[in-house]
Amino acid sequence: MQTVETLNEGLKRAYTLTISAGDIAKRVDAELKRVAPQIKMPGFRPGKVPTNLVRKMHGPAIEQDALNTSIQEGIQALIAEQQLRPAMQPTVELGEGYESGKDAELKIELEVLPQVPAPAIEGLKLERLTVPVDESAIEEQLKRFADGAKRWEDAGDKAAETGDQVTMDFVGKTMDGVAFDGGTGTDMDVELGAGRLIPGFEEQVVGAKAGEERQIKVSFPEDYGAKELAGQDATFDLTIKAVKTAGESQIDDEMAKSLGLESLEQLKGLVKGQFEQENNGLTRTYMKRKLLDQLAEGHDFEVPPSMVEAEFNQIWQQLQHEATHEPDPQAALDEMEKERDDYRKIAERRVRLGLLLSEIGQANGVEVTQQEMQRLMMQAAQQYGPDDRQRFIQYVQQDPMAAAQLRAPLYEDKVVDFLFDKAEITDRETTKEELEAAIESEDGFATGTHSHDHDNHKPKQARGKKGASGGEGGDAAAKPAKKSAAKDAPADEVGGAETAPAKKPRVKKAAAPVEAETQVAEASPEAAESAEGTQAADAAPAKKPRAKKPAA
């Protein structure tokens, strides 16, 4: 095997690797001898098929396998000999004109991870903003629980008023009188005035009495989940079965027991714990943002363009997907284009911070234990059905890339905790509103590589109200909850990376065009862990400003 370096520029490397025809032939012969005893052929006893017949029948497939194995081993030998750390999958191209019996000439191109300078982690100073739990917030939450556990009492023949609960059967029909799918339901309980049904529905039920039948007309919203109904007029035939009034809400032990708890004190403790957990999460997010800003400002080194491009593509695809859910998708896309360069800088920062955290972790003995990895696999496996969980665990155990991606967030958190321990931290009490504003502010985001906070542009999305509960059948009248097109990554996730063995590169024949981009999934595990959570090194990729709806 002969190796010739053809490019050494920055982080880019290119080589010509020649595998002799003799080496390939030896591997083919060895494989033929291995499989020949297993071959069965009419007219021959098992294991007695002549080697020349085995070669005639299976030679091309065996030769292709031998060539691929030789290529993979040659690339691994090249990486070891040159002490390379691939940033992404090497691009491998088999030279033009290769034929059986000839030397195989390969063109190998790759980018390597940079030599990260010794991280400067001394002198880190952080402010920990803490938020005490507001007792009034606990009381408000308890009141919401009590309101949700209202005790409804039959009101007889009383006309329904706003705030009452009405039990009804309904049949939804198009304007030509045809019932539509999902428009029929029985024994549905609706609290009038709660705003759980489409606009205009609940208002037209006010005044109804038990035993009454009435027809109402509504217009489905333009963004209604069922496209065939969106923006359409419809009628609902209603049968009112009961009108109920709400009894007085009581915040007491009985209310707590109705939620499956032992006492009101236990409920208060759980509510307080939830608020504390939420506030602590915000505190950590703010501290991590500040920590990453300091690291970014103090370190500047070249990063592999392919990793930046892969990270940028991930950000861009998320934004494009979210744009389809905006009132004016084209306007949202146009706004994105104006900030393309800023998002690319975010991608570059993420990659740099991921590599930096990796270097810090490795230099200071940060690691994810086998027990922790087992726990991560078991937790991740829960998203699959019982029959697929074991297959998922085996997949992670056998695929270094999958294991690296699963390990990355926990590894990153451990590196961040290590840096928190090293930093000089001062505490300051604040309010939740001030802490949230600090997280979203430009001051909390500015770095040496990017000083514009795209998160400030992210529109707040109202959480859709839950559809009316109770009863059987469809619930077409209920408002659809608007779901975010893509889950926003929390602003405190940046994936650190451990060193892991590179995945085998894929070989491309000369006739096939070279792929312009390498997907993140094809990167080496080491690079994957470095970039895995750089999503949020500078906050989740922010959604563009919500485009204004054109005037009607």
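This is a predicted model: local features need pLDDT of at least 70, side-chain atom pairs count only at pLDDT 80 or more; totals for chains, interfaces and linings use all residues.

Reader: How many residues are in the largest nonpolar core, and which have the most contacts inside it?

Author: That core has 52 residues, and Leu291, Leu295 and Leu419 have the most contacts inside it.

Reader: Which elements give two or more residues to this core?

Author: They are α5 (264-298), α6 (305-323), α7 (329-338), α8 (340-363), α9 (370-381), α10 (386-398) and α11 (400-422). Of these, α8 gives the most, with 9 residues.

Reader: And what lies apart from it?

Author: Another core, of 28 residues; Ile24, Val49, Ala66 and Leu106 are among them.

Reader: OK, switching to rings. How many aromatic pairs are there?

Author: The count comes to 9. Take Phe180 and Phe220: their ring centres are 5.9 Å apart and the planes meet at 80°, so this pair is edge-to-face.

Reader: Where do Phe180 and Phe220 lie?

Author: Phe180 is in strand β8 (residues 179-191), while Phe220 is in the loop between β9 (213-219) and β10 (233-246), so the pair ties together parts that are 40 residues apart in sequence.

Reader: Are Phe180 and Phe220 buried or exposed?

Author: Both Phe180 and Phe220 are buried. Phe220 also pairs with Tyr224, in a tilted arrangement with 4.8 Å centre to centre and 55° between the planes. Tyr224 is buried as well.

Reader: Which residues form the aromatic cluster?

Author: Phe170, Phe180, Phe201, Phe220, Tyr224 and Phe236 form one cluster.

Reader: What about charges over rings? Where does the charged end of Arg344 sit?

Author: Over the ring of Phe312, 4.0 Å from its centre. There's also Arg352, which lies over the face of Phe301 at 5.7 Å from the ring centre.

Reader: New topic: Thr167. Which strand is Thr167 found in?

Author: Thr167 is in β7 (residues 165-174).

Reader: Why does Thr167 count as buried?

Author: Because its relative accessibility is 9%, and buried means under 20%.

Reader: What does the side chain of Thr167 make a polar contact with?

Author: The side chain of Asp189, at 2.6 Å. Not counting residues up to four places away in sequence, Thr167 touches several others, including Asp187, Met188, Thr239, Ile240 and Lys241.

How values were computed
Residues are numbered from 1 along each chain as its sequence is written. Side-chain values use heavy atoms; hydrogens and water are left out. Rings of Phe, Tyr and Trp (its six-membered ring) pair if their centres lie within 6.5 Å; planes under 30 degrees apart count as stacked, over 60 as edge-to-face and the rest as tilted. Helices (H or I, at least four residues) and strands (E, at least two) are DSSP runs, numbered from the N terminus. Buried means under 20% relative accessible area, exposed over 50%, partly exposed in between (1.4 Å probe, protein chains only). A charge sits over a ring if NZ of Lys or CZ of Arg is within 6 Å of the ring centre and within 35 degrees of the ring normal. A polar contact is a pair of N or O atoms within 3.5 Å; within protein, one must be able to donate a hydrogen and the other to accept it, and residues adjacent in sequence count only if both atoms are side-chain atoms. Contact means heavy atoms within 4.5 Å. A nonpolar core is a set of buried Ala, Val, Leu, Ile, Met, Phe, Trp, Tyr and Cys residues joined through side-chain atoms within 4.5 Å.
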